[in-house]
Amino acid sequence: MSSDAAASRPSVLFVCVHNAGRSQMAAAYLNRLSGGRIEVRSAGSEPAERVNPAAVEAMLEEGIDIRTESPKILTTQAVKDSDIVITMGCGDTCPIFPGKRYEDWELDDPAGKGVDSVRPIRDEIKGRVENLIAELLPSGT
């Protein structure tokens, strides 16, 4: 991809504490629903060892496989490289840089919950991601 194409593509970073549930689901939805037209990253301030199995199951129900994903540590570079940083319950652990757009999505933490409890969180994330795509990729782009 040329640097012009990369520069014109908006980039979003999803951050939650463990990078095992909410941010993984959001990143997977944004990748799938934007058709690759948005650069997507996810990270955690205290990454877990693996993605939450209930989140994996809930996303498989949507036809999205996140079994091969792994939680990643939040880096300053990831924040610098993103246009929009969306936090999900990580509080003040996310570095703040001038000129970046920050949003905080208040979502229940799926950690330790079964798939029945994760589905409503997944569905709320999907709706928010669809709204974000509509904003970042206006019709006709």
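The structure is a predicted model, so local features are taken only where pLDDT is at least 70 and side-chain atom pairs only at pLDDT 80 or more, while totals for chains, interfaces and linings use all residues. Residues are numbered from 1 along each chain as its sequence is written, and side-chain values use heavy atoms, with hydrogens and water left out.

The sheet comes first. Four strands form an open sheet in the order S2-S1-S3-S4, with parallel pairing; helices (H or I, at least four residues) and strands (E, at least two) are DSSP runs numbered from the N terminus, and two strands count as paired if DSSP finds at least two bridges between them. S2 and strand S4 (101–104) sit at the edges with a single partner strand each, so one side of each has no neighbour in the sheet. From one strand to the next, the twist averages 20 degrees; axes here are lines fitted to C-alpha atoms, for helices over the stretch in contact, and angles run from 0 to 180 degrees between N-to-C directions. In general, strands of a sheet pair through backbone hydrogen bonds, either parallel or antiparallel.

Going through the pairs, strand S1 (residues 11–16) is joined to S2 by six bridges, and the two run parallel. Val-12 has Val-40 as its bridge partner in S2. On the S3 side, five bridges tie S1 to strand S3 (residues 84–88), again in a parallel arrangement, and Leu-13 stands opposite Val-85. S3 is in turn linked to S4 by four bridges, also parallel, with Asp-104 of S4 as the bridge partner of Thr-87.

Strands S2 and S3 are both mostly covered. In S2 (residues 39–44), five of the six residues are buried, where buried means under 20% relative accessible area, exposed over 50% and partly exposed in between (1.4 Å probe, protein chains only). In S3, five of five residues are buried. Side chains in a regular strand alternate between the two faces of the sheet. In S3, Ile-84, Ile-86 and Met-88 point one way and Val-85 and Thr-87 the other.

Together with S1 and S2, H2 makes a right-handed β-α-β unit (right-handed if, with the strands pointing away from the viewer, the path from the first strand over the helix to the second runs clockwise). The loop between S1 and H2 holds Asn-19. Asn-19 has a phi near 50 degrees, a positive value in a residue other than glycine; most residues other than glycine have a negative phi. With a relative accessible area of 0%, Asn-19 is buried.

Next comes the packing of helices against each other. The axes of H2 and helix H5 (residues 115–136) come within 9 Å and cross at roughly 45 degrees. H2 and H5 are therefore oblique to each other (under 35 degrees counts as roughly parallel, over 145 as roughly antiparallel, 65 to 115 as roughly perpendicular, and the rest as oblique). Their crossing is right-handed, meaning that the near helix is turned clockwise from the far one by less than a right angle, with anticlockwise being left-handed. Residues of H2 in contact (heavy atoms within 4.5 Å) with H5 include Met-25, Tyr-29 and Leu-33, and those on the H5 side include Ile-121, Arg-122 and Ile-125.

Helix H3 (residues 53–60) also packs on H5: the axes come within 9 Å and cross at roughly 60 degrees, and this crossing is right-handed as well. Ala-54, Ala-55, Glu-57, Ala-58 and Met-59 of H3 make the contact with Val-115, Val-118 and Arg-122 of H5.

Arg-122 of H5 deserves a separate word. At 6% relative accessibility, Arg-122 is buried. Leaving aside residues up to four places away in sequence, Arg-122 touches Met-25, Tyr-29, Ala-58, Met-59, Glu-61 and Glu-62.

Finally, Gly-114 lies in the loop between S4 and H5 and, at 41% relative accessibility, counts as partly exposed.
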